[in-house]
Amino acid sequence: MLYLNADNIKAAGLDWEQLIAVIRNAVTVLGTNDYAQPIKPYLRYGDPKNRIIAMPAYVGGESAYAGIKWIASFPDNIHQNKLRAHSVTILNEHNTGVPLCVINTASISAIRTAAVSGLLIQAYLEKRTDDKPLKVGINGFGPIGRTHLKMVQSVLGSRLENITLFDLKPIDLQQAEIENTANITIGESWEAAYQDADIFITCTVSSAPYINLPPVKGSLQLNVSLRDYKVEMKDYMDAIIVDDWEEVCRQNTDIENMHKEKGLQKEQTLSIADIVCQDALRQYSDTDTIMFNPMGMAIFDIAVGGYYYQKAQQDSIGFVLPD
């Protein structure tokens, strides 16, 4: 069995084109129903905002794997100079159940999350009829925010005009290992990152919604952290996309609150499979505002884990553990 840690994943590198293709393939498998993914249970004890989540899945297709991600999220860790999230992913051979690989790092979660966002950005770009430079705002600059910044720089390329970052803690781009800082601005508030953004990304640990201002018309709102938008913001969204309605409409997410307080129904949303398999964004104009709410699908974690397992084998990365 192969063991991979954070240094091994870093050595394998970030090829966003390939990683987004992995997510696209997984969504295609989702669309053909060649997967298994039970609703993930939340283990809570003590402080209710802390949780450890089990995420089992089987993802079919040409690179089929089964497995599970076990991820702990303790938001107050950031006040103790500890990572908020810690996770272990186990991959099994899909047709025998034999354990193949243990990946011990939360970086897989950040990479998966940013790659899913990258897929939506690609779909958003394909929908647009213009080629104007785009402004991006990122609120929250922990591991998820930093990974999103690197992904955005890669995916947008020459179409990226400016990125405005905000975090409650001071932002050190050098410490974050950001190579290209020429078009990055550090804002003094979340509003500074939000108000002019064609693409706005929430990467916070917020427990209560605060976004209450109209978004840029025609913008893409990537609600990655899921608990940032007040319920009345539903009225500004022309399309609301989810990865999985049953997963995301619970656990006090913005979608659950919009469902309870504003009557949002599953039938009023699009799924990520609708976007990839049915090109559903084509029906919207350049002035329509799109909101994506990803709870995080286990099939994406297993697919990305499988990608790094294959890459580690090819490049002789990691440690082989005895049975």
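Is W190 buried or exposed in this structure? I will come to that residue after a few words on the chain as a whole. What we have here is a predicted model, in which local features need pLDDT of at least 70 and side-chain atom pairs count only at pLDDT 80 or more, while totals for chains, interfaces and linings use all residues. Residues are numbered from 1 along each chain as its sequence is written, and side-chain values use heavy atoms, with hydrogens and water left out.

Let me start with the overall fold. The chain has nine helices and 16 strands, where helices (H or I, at least four residues) and strands (E, at least two) are DSSP runs numbered from the N terminus. For 323 residues, a compact globule would have a radius of gyration near 20 Å, and the 19 Å of the chain agrees with that; the radius is taken over C-alpha atoms, and the globule rule is 2.2 Å times the number of residues to the power 0.38. The C-alpha trace spans about 55 × 45 × 45 Å along its principal axes. If we count contacts between residues at least 6 apart in sequence, 66% of them join residues at least 24 apart, a contact being heavy atoms within 4.5 Å.

Now to burial, where buried means under 20% relative accessible area, exposed over 50%, and partly exposed in between, with a 1.4 Å probe and protein chains only. Of the 323 residues, 55% count as buried, and W190, to return to my opening question, is buried as well, with a relative accessible area of 13%.

W190 also takes us to the aromatic rings. The whole structure holds seven aromatic pairs, which are rings of Phe, Tyr and Trp (its six-membered ring) with centres within 6.5 Å, called stacked if the planes are under 30 degrees apart, edge-to-face if over 60, and tilted for the rest. The rings of W190 and Y210 have centres 5.4 Å apart and planes at 65°, so this pair is edge-to-face. Because W190 lies in helix α5 (residues 190–194) and Y210 in the loop between β11 (199–202) and β12 (220–222), the pair ties together parts that are 20 residues apart in sequence. Ring pairs also link W190, Y194, F200 and Y210 into a cluster.

Finally, two loop residues deserve a mention. N33, in the loop between α2 (16–31) and β2 (35–36), has a positive phi of about 65° although it is not a glycine, and N33 is exposed, at 58% relative accessible area. S316, in the loop between α9 (298–315) and β16 (319–320), has a positive phi near 55°, again in a residue other than glycine, and S316 counts as exposed at 70% relative accessibility.
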